[in-house]
Structures are given as structure tokens and as C-alpha cells.
Amino acid sequence: MEKRDYRLERIVACIEKHDGIVKREQLEELGVDYRKILNYVDEGKLFRIKNGYYTDRKERFTETELMARLFPDGVLCMESALYAYGYIRKKPYGWRIAIDKNTSKSRFKLDYPKVIPYYTEKEVLEIGKQQVTMEGQVFQIYDKDRLICDCLKYESKMDREDFKQAVQSYIKDQDKDISSLLLYAKERKVLKKVQSLIGVWL
């Protein structure tokens, strides 16, 4: 008969108590040293989500749930926001989130999910921020008018087809707010591009 591992049972109970994710420090508070944590990871009894964060079952979270849990301060932007709004059809590889430029870069050193951070000034981060629910998870996201200005600003970094779809989808969207668009365009320094690429269709 296999010997019960009371230490592992305490770890699992701690993971349950903290909604499925625990930090290394929380495990060390239970008297589990780092070498033992690594042993459990090697044995497949614990899974490292990213450096210093653990769970007990790989299938416990979907990719969307993990993103919502790990980056509540991030704002969906660029292709990720376009996809959330249905502006582009193809789901982008990796999650694009705008984040405070003073955030530790180590937060993004994880194999899964793939995250592409856009570091920005705190005041710029707040402009046009709202909430959206995806697969039951609440995310911060830029509103459509701010989003399209960002796409114009970073056009050279985007896939050509995604950019074209985004602009066409925005033009057709009954929910757009032209006065907001023009305010954001000034703020994001893309007013001329808005007037030449979008203005002719409005």
C-alpha cells in the first residue's frame, strides 16, 4: 500500500484554499522547502505555471482563466482586443496586453500561455479602458475607438490582413463613436492617419 504523503495533502489543501494557484512563499510557510517543491514538479504532482507559481493539476485552468488570474492589471490590446470584439477572424498567437512599464519583466517569463506585453506609461494605460467578459472571465480591454487608434499607430507591427480587417470592421461598426475616435487620435498622435484612412468612409 502506498504511503500517504501528508505534506502533499497539505499543499493540495492550500492550493484549493487559494483558488487553484499558490506562490512558492506560501508553500514554504507550510514547511515545504524549495528542493521538495522541485521534486513534486519532477514527479508530476505539482505543475509550475510560471516561476514561483504552482498548481496541482494542469487541466485545472483554461488558457483564458490563467490569463485572467495572472494578469488582472493587464489590458487586452492590439490583435487580442480585435479578436475579442470580432474585428478579426483568426485567433492571434499569444496574448497581447498593455501593462505598466514599471512592471517586472520576469512576470512574462512563462511557457504557457504565450504573452506579448506592451509596456506603457501609467496615464496612457488608463485611456479608454473598459471591461469585457470572455469565456466567463473578466478582462480589462480598450474600447473600440482607442483600439483602432493604437492599430493605426502600430500598423507596421501588424499582419497586413489583420490590419485591413480591423479598419474595415471598425468602419462598419454601428457602435463606434467618432467624437471619441478623434479625441483618441489626437492623444495617440494619429489624427492624420485617421482622417486619411477612416475619415473618407465616415
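Which residues line the largest pocket? In this predicted model, the lining is made up of Phe47, Arg48, Ile49, Thr55, Arg57, Lys58, Phe61, Leu66, Asp111 and Tyr112, and the space that lies in the largest pocket comes to about 300 Å³. Strand E2, which covers residues 47-50, gives the most to this lining, with 3 residues. Sorted by class, the lining of the largest pocket divides into 5 nonpolar residues, 1 polar residue and 4 charged residues.

From the pocket, the reader may turn to charged pairs. A search of the whole structure finds 18 salt bridges, and one that can be followed in detail is formed by Arg107 with Asp73, where the closest N and O atoms are 2.8 Å apart. Arg107 lies in the loop between strand E5 (95-100) and strand E6 (115-120), while Asp73 lies in the loop between helix H4 (63-70) and strand E4 (75-76), so this pair ties together parts that are 34 residues apart in sequence.

On the H7 side the contact is made by Ile148, Cys149 and Leu152, and on the H10 side by Lys193, Val194, Leu197 and Ile198. By class, this contact of H7 with H10 has 6 nonpolar residues, no polar residues and 1 charged residue.

Helix H10, residues 191-198, also meets helix H9, residues 178-187, and here the axes come within 7 Å and cross at roughly 135°. H9 and H10 are therefore oblique to each other. In this contact, Leu181, Leu182, Ala185 and Lys186 of H9 meet Leu191, Val194 and Ile198 of H10, and the residues comprise 6 nonpolar, no polar and 1 charged.

Definitions and conventions: Residues numbered from 1 in each chain as written. Predicted model: local features only at pLDDT ≥ 70, side-chain atom pairs only at ≥ 80, totals over all residues. Heavy atoms only, no water. Axes fitted to C-alpha atoms, helices over the stretch in contact; angles between N-to-C directions. Helix = DSSP H or I, 4+ residues; strand = E, 2+ residues; numbered from the N terminus. Parallel < 35°, antiparallel > 145°, perpendicular 65-115°, else oblique. Contact = heavy atoms within 4.5 Å. Nonpolar A, V, L, I, M, F, W, Y, C, P; charged D, E, K, R; others polar. 1 Å grid on protein atoms, 1.4 Å probe; cavity = no way out; pocket = protein on both sides within 12 Å on 5 of 7 lines; lining within 4 Å. Points joined across faces, edges and corners; volume = space filled by probe spheres on them. Salt bridge = Lys/Arg side-chain N within 4 Å of Asp/Glu carboxyl O.
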